[in-house]
Amino acid sequence: MKIREVIVVEGKDDTKRINMAVNADTLETRGSAISDETLEQIEELQEKRGVIVFTDPDFSGEKIRKIIQEAVPGVKHAFLNRRDAVPDHKGSLGVEHASPEAIREALRNLYTEEPDSEETITRSDLFSAGLIDGAGAKERRRQLCEYLRIGYVNGKQLQKRLNLFQITQEEFEEALKHLEEEK
């Protein structure tokens, strides 16, 4: 699998794992304190080849994703499910622990952010679906985010992410149906 865009990852171990799964160029942020120089490189790469942000499914990974998203609108996003990023020994969640197949699957399910997109999923939709407020909401959110492959977010951020990635009402309802079938 050849990837045209440059994949932005956190470190060299992520690059090694990505290269085991696909043929791609990477740019390493070297942690969550992204320098202005690195952001400028990402912006230039976005203009020339396109960029895929592929960070760890943890707090630091989300922080990096948000910094890039604000500085370079329109980048693509690949998400690993948390269960695919668990180390087989001590350590934290990370792309470097994912199987080549999990990485390829994440890269087949890219999302491009659309910051000025129309709202398709409302707060009322989330409340009605039991995704915010109430017993079991956090687990339902986790399952929904995993099914849609959009990375886990809290209740406040879920609506924003669904709309940012233009998840349609149909896709949302299909995901909810899947959650019910899994029970």
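A patch of negative charge on the surface is formed by Asp 36, Glu 37, Glu 40, Glu 43 and Glu 47. Patches comprise residues with over 30% relative accessible area and no salt bridge, like charges being joined within 9 Å; a salt bridge is a side-chain nitrogen of Lys or Arg within 4 Å of a carboxyl oxygen of Asp or Glu. The model is predicted, with local features requiring pLDDT of at least 70 and side-chain atom pairs pLDDT 80 or more, whereas totals for chains, interfaces and linings use all residues. Residues are numbered from 1 along each chain, and side-chain values use heavy atoms, without hydrogens and water.

Glu 47 belongs to helix H2 (residues 36-48); helices are DSSP runs of at least four residues and strands of at least two. With a relative accessibility of 65%, Glu 47 is classed as exposed (over 50%; buried is under 20%, with a 1.4 Å probe).

Two aromatic pairs were counted, the criterion being ring centres within 6.5 Å, with planes over 60 degrees apart taken as edge-to-face. The rings of Phe 79 and Phe 165 are edge-to-face, because their centres are 5.8 Å apart and their planes lie at 65°. Phe 79 is located in the loop between strand E4 (76-77) and helix H4 (100-108) and Phe 165 in that between helix H7 (155-164) and helix H8 (169-182), so the pair ties together parts 86 residues apart in sequence. Phe 79 and Phe 165 are both buried, and together with Tyr 111 they form one aromatic cluster.

Leu 93 is placed in the loop between E4 and H4 and, at 16% relative accessibility, counts as buried. Its C-alpha atom is separated by 6.5 Å from that of Asp 56, 37 residues away along the chain.

Conventions: Phe/Tyr/Trp six-rings, centres within 6.5 Å; stacked < 30°, edge-to-face > 60°. Patch = residues over 30% accessible without salt bridge, like charges linked within 9 Å, V, L, I, M, F, W, Y side chains within 5 Å. Areas by Shrake-Rupley, 256 points an atom, 1.4 Å probe, with all protein chains shown as cover. Lys, Arg positive; Asp, Glu negative; His and termini not counted. Charge placed at Lys NZ, Arg CZ, Asp CG, Glu CD.
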